[in-house]
Amino acid sequence: MISVGESSTCTECHSEGEEGYIIAELIYDKIKNLSSLYDSTKAISEKVNIMGMNNIEIEYSLKNIKQNLIQSRTLVHTFDTSEVFVKANEGILASYGAIKLARAYTGRSKIISFIRSYHGSTYGAITLSGISLNMSRKIGPLLPEIYHMPFPDTYHNSLGGAPEDAGKNCLDYLKYAFENYLPPDEVAAVIIEPIQGDAGIVVPPGDYMQELFKLCKENGILFISEEVQQGMGRTGKWFGIEHFNIEPDIVIMAKALASGMPLSALIGRKEIMEALEAPAHLFTTAGNPVCCAAALATIKVIEEEKLMENAEKLNKIAFERFTSMKDKFPFIGEVRGLGLSIGVDLIKDPVTKERNKEAAAKICYCAWQKGLLLSFFSNSVLRIQPPLIITEVEFNKGINIIETCMTDLQNGLLGDDILKVTKGW
Ligand SMILES: Cc1ncc(COP(=O)(O)O)c(C=O)c1O
């Protein structure tokens with residue numbers, strides 16, 4: 001029996017004996033279904049890779065481990081042996097797999113990532129990320145050949161232009177880099193979060209994403225969607241990138257894939273996935289049957305309990321409620337996000353849009369006192385990312401608590417003393 005955590009999509013899942021076969025078959029079918037999102041267009045040929053228990057040495061060893069035998073053999077047998085299998089257990093390890101594959105496939109070394117992105121805490125992940133000096137100072141040198149570009153934020157345009165020009169400004173910046181110091185024909189891949197999560201749920205404009213994708217295609221650069229946070233139904237679709245009608249070359253998934261159990265995976269074009277041979281990417285505990293069973297159960301719950309529909313429905317409620325609150329709470333600057341990835345950005349002044357860290361900290365602390373776990377990131381953005389299984393009643397109850405805390409803040413009832421002990425991200 002697997003009991004998984006509060007932020008998961010599955011509360012209890014079972015895997016015993018013969019069920020191991022069913023589980024492995026289901027996980028194959030279900031994840032294959034995910035890839036049919038891409039197959040349907042026939043624009044690119046897709047292959048699914050679940051990373052783990054996949055190479056011959058591991059299969060051989062597992063045959064000697066009785067309790068794992070069923071699961072491991074089934075996992076191996078359910079996949080076409082001509083596929084390339086790599087394995088990982090954390091989000092970043094899947095990203096490393098994607099980087100290795102992109103470099104091997106293109107024969108190029110440079111990787112484009114984004115300022116204010118978050119990809120994890122290993123050396124490579126920190127290099128890819130661009131969100132906190134505390135993450136990168138004192139520990140260099142980091143990984144070479146990673147280049148950070150600005151990400152379009154249509155509320156706080158980091159390039160200083162008008163908010164509505166954020167997409168164009170960021171594309172111009174990238175093109176300028178291509179013309180001056182970053183030869184596009186040496187770039188292997190762009191790794192992008194379809195919504196920048198920890199930056200404060202920053203949703204890029206659709207035309208920016210289309211143009212970026214076009215630039216990649218024109219220059220032979222792989223487009224990699226990093227769905228560690230936004231994938232697995234969180235935005236109301238399996239993957240965040242689907243909102244932009246883009247078919248990425250590789251999709252990276254982790255976190256909710258196995259409801260918080262350590263498992264990560266890649267979906268990628270067959271020829272890319274075959275650019276490396278085993279043992280190019282392997283980890284001792286990756287892809288173990290318990291995590292695969294959790295992934296299987298997660299996918300089943302997302303589908304059967306219609307959690308993506310739930311995410312879309314609750315998104316509308318959140319938008320209606322927080323938008324109407326803007327009238328009475330001038331510190332609400334913007335409500336944004338897709339599905340159950342919602343950010344409420346708090347400001348000090350509607351003209352300068354200066355981030356209101358104090359308000360965010362006080363509201364989160366007040367919510368905690370009233371029994372709601374709420375965090376903020378990017379200094380000022382309330383992070384509304386509940387488990388996908390949350391009901392409408394529970395969701396409204398949570399928003400009621402936030403509204404009460406906002407009222408207390410407005411009425412000067414939340415003191416400064418908690419600011420010494422509160423830390424946002
Ligand atoms: C977008 C994104 N990528 C990568 C990671 C890192 O994942 P992991 O901690 O599993 O390596 C996170 C974790 O929060 C994330 O939000």
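User: What percentage of the 425 residues of the chain count as buried?

Analyst: The model is a predicted one. The chain has 425 residues, and the share of them that counts as buried is 49%.

User: How many helices and strands does the chain have?

Analyst: Both kinds of element are present in the predicted model. The chain holds 13 helices and 13 strands.

User: Among contacts between residues at least 6 apart in sequence, what percentage join residues at least 24 apart?

Analyst: The contacts in question are those in the chain between residues at least 6 apart in sequence. Of these, the share that joins residues at least 24 apart is 73%.

User: Which residues of strand 7 point one way, and which the other way?

Analyst: Strand 7 covers residues 222-226 and is mostly covered, with five of its five residues buried. Phe223 and Ser225 point to one side of strand 7. The other way point Leu222, Ile224 and Glu226.

User: Which strands pair with strand 7 in the parallel sense, and over how many bridges?

Analyst: Strand 6, residues 187-192, is one partner, with alanine 189 opposite leucine 222 of strand 7.

User: Why does lysine 237 count as partly exposed?

Analyst: Lysine 237 lies in the loop between strand 7 and strand 8. A residue is buried if 20 or more other C-beta atoms lie within 10 Å of its own, and exposed if 12 or fewer do. Lysine 237 is partly exposed because its number of other C-beta atoms within 10 Å is 19.

User: What separates the C-alpha atoms of lysine 237 and glutamate 309?

Analyst: Not counting residues up to four places away in sequence, lysine 237 touches Glu242, His243 and Met308. Glutamate 309 is 72 residues from lysine 237 along the chain. The separation of their C-alpha atoms is 8.5 Å.

User: Which of the 14 residues around the ligand come nearest?

Analyst: By class, the shell around the ligand consists of four nonpolar, five polar and five charged residues. Of the 14 residues there, those that come nearest are Glu90, Gly91, Gly120, Val228 and Gln229.

Technical notes: Residues are numbered from 1 along each chain as its sequence is written. This is a predicted model: local features need pLDDT of at least 70, side-chain atom pairs count only at pLDDT 80 or more; totals for chains, interfaces and linings use all residues. A residue is near a molecule or strand if its C-beta atom, placed from the backbone, lies within 6 Å of it. Ala, Val, Leu, Ile, Met, Phe, Trp, Tyr, Cys and Pro count as nonpolar, Asp, Glu, Lys and Arg as charged, and the others, Gly among them, as polar. Helices (H or I, at least four residues) and strands (E, at least two) are DSSP runs, numbered from the N terminus. Two strands pair if DSSP finds at least two bridges between them. Two residues are in contact if their C-beta atoms, placed from the backbone, lie within 7 Å.
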